[in-house]
Each structure stands twice: as C-alpha cells, then as structure tokens.
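Open the model in your viewer and keep the selection tool at hand.

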Amino acid sequence: MNKSFPSLILLISSFLMQGQQITFQKNINFQARELEQSLNKNRDSLYLESDKIIYQVDIFNDNYSKSISVNDNESVIDLDTLPAGKFIIQARLKRKWIVMYLVKNEATEISEKSIIVAEASKDQNSDNNTSVKKLTKKRTGFWVVHESITGSGSTKSMGFKNKEEVSRLIAKNKAELNTAIAMNNKLVVYEVYNTSQFMRNQFKNPSYFKSSESKAFNVVPYYSSTSYSI
C-alpha cells in the first residue's frame with residue numbers, strides 16, 4: 001500500500017484535533033526565528049512581531065489573495081473573515097520573505113479526503129493513474145528563490161509568487177544580468193503542482209526545492225538565471 005495513505009489519515013486527525021476553526025503551522029526554520037508567529041486564544045487572529053520592520057503580509061491560495069501593508073514591528077491579522085481553505089502566508093522583513101501555512105478546518109477535511117481517495121484509487125486500480133497525474137500536474141503557483149549579491153554580501157529570499165509577479169521578476173533579472181553591479185544576482189523559479197504537499201515538505205526541509213524528483217513541483221526550473229548556483 002502506498003505509504004502516503006496512512007500519513008494523510010494522521011494529518012486529518014491532527015487538523016481536527018487542533019482547535020475548532022484554525023490550524024496554523026508556523027515557520028520553525030532558524031532563518032525565521034526573528035519573527036514571532038502565533039494565534040490568539042480564540043484562534044481568530046494571527047499575531048506577528050519582530051525586532052525588524054514587518055513591511056507586508058500576503059495571504060493567498062488558488063482562489064483568494066489579500067495583501068496587507070504593515071510597516072511596523074508587529075501586526076494582528078484578522079482571520080475571522082478569511083474563507084475556508086488552505087492558505088500560504090508570507091511576511092516580508094526587508095528583503096526576506098517568511099512563509100507560513102494556515103488551514104480552516106471546514107475545507108481541510110474535504111480536501112484531505114479527496115487526496116486520500118485519489119491515492120487509494122492509484123493503488124487499487126492502475127487505470128486511474130492518468131486522472132491522478134492530471135490532478136497533480138495542475139499548476140497552483142510558483143516557488144521563487146532569489147539571491148541578491150553585492151560587494152558587501154548577499155541576501156536570499158524564497159516564497160510563492162503568481163504568474164504576473166514571476167514575469168516581472170524574470171524581466172528584472174534578465175536586465176540585471178547585463179549590468180556590472182547586479183550581474184551575479186540569481187533567480188530560480190519552479191512550477192508548483194500541489195501547494196499543500198510542497199509546503200509541508202519545504203517546512204521540514206528548507207532545501208526541498210532542490211530535490212531531484214517530486215510530484216509536488218517540477219524539479220526542472222521554469223526559469224533560472226545563467227549564473228544559477230543556489
């Protein structure tokens with residue numbers, strides 16, 4: 001039996017036990033330690049705080065997108081008006097994006113069960129493999145890795161972007177490669193097919209996007225700068 005089947009069952013149980021409305025997965029990577037991330041007692045607001053300025057917070061999925069201008073050291077994000085579903089949350093601190101993951105339970109139960117049905121069908125009847133592959137190959141967004149290199153050092157950021165943002169970043173990077181001051185800047189863009197699976201793996205392993213194979217995203221970059229070596 002496919003090993004992912006029981007793990008998905010455990011994931012549903014975990015979500016259903018963690019509060020009535022919201023499940024929040026904070027970013028525990030050491031690079032995100034400068035940002036405090038937590039839900040309030042009622043689990044209807046997300047509290048963010050940092051010694052550095054939080055410039056912007058984005059909340060989005062395939063069907064929803066909201067950008068909040070903060071420009072302060074702390075922010076309380078109202079989650080009450082957020083529709084049911086799975087969401088990527090990105091907080092921008094200067095040039096760094098810190099990515100988090102949030103789920104409203106009403107959508108989680110349906111969505112995860114759908115994944116289980118797809119995986120079970122794949123094991124029980126190989127004729128269904130085609131429909132499963134079509135489901136996983138639908139692009140849900142782009143994972144972008146950007147490194148800006150100057151004479152005094154470098155800064156690296158990673159996060160989800162939509163098609164329009166990716167187009168602008170690619171155009172900017174191509175222009176930078178023709179300049180003396182920014183010719184070493186690096187940009188890599190990957191197509192993501194399964195946002196939830198990708199984010200779970202990326203949280204566990206910050207280098208997951210470098211995988212040689214994956215069903216969650218296309219390991220061959222959608223775009224990479226000529227100086228790519230991240």
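A contact here means heavy atoms within 4.5 Å. With that cut-off, 61% of the chain's contacts with a separation of 6 or more are between residues 24 or more positions apart.

Start with the whole chain, coloured by confidence. This is a predicted model, with a mean pLDDT of 76 and 73% of residues at 70 or more. Select residues 1–20: pLDDT stays under 50 there, and the model has 29 contacts beyond four places in sequence for this stretch. Then select residues 107–136, where pLDDT also stays under 50 and the corresponding count is 33 contacts.

Switch to cartoon. The chain shows 5 helices and 10 strands. Of its 230 residues, 41% are buried.

Now display the aromatic side chains; there are 11 aromatic pairs. Select F60 and F160, an edge-to-face pair with 6.3 Å between centres and 70° between planes. F60 sits in strand β3 (residues 45–60) and F160 in strand β8 (residues 153–161), 100 residues apart. Both F60 and F160 are buried.

Next, select Y190 and F217. These rings are also edge-to-face, at 5.6 Å centre to centre and 85° between the planes. Y190 belongs to strand β9 (residues 186–192), while F217 lies in the loop between α5 (195–204) and β10 (223–224), 27 residues from Y190. Y190 has a relative accessible area of 2% and F217 has 1%, so each counts as buried, the limit being under 20%.

Finally, select F60, W143, F160, Y190, F198, Y208, F209 and F217 together: ring pairs link these residues into a cluster.

How values were computed:
Residues numbered from 1 in each chain as written. Predicted model: local features only at pLDDT ≥ 70, side-chain atom pairs only at ≥ 80, totals over all residues. Heavy atoms only, no water. pLDDT = per-residue confidence, 0-100. Helix = DSSP H or I, 4+ residues; strand = E, 2+ residues; numbered from the N terminus. Buried < 20%, exposed > 50% of the residue type's maximum accessible area, 1.4 Å probe, protein only. Phe/Tyr/Trp six-rings, centres within 6.5 Å; stacked < 30°, edge-to-face > 60°.
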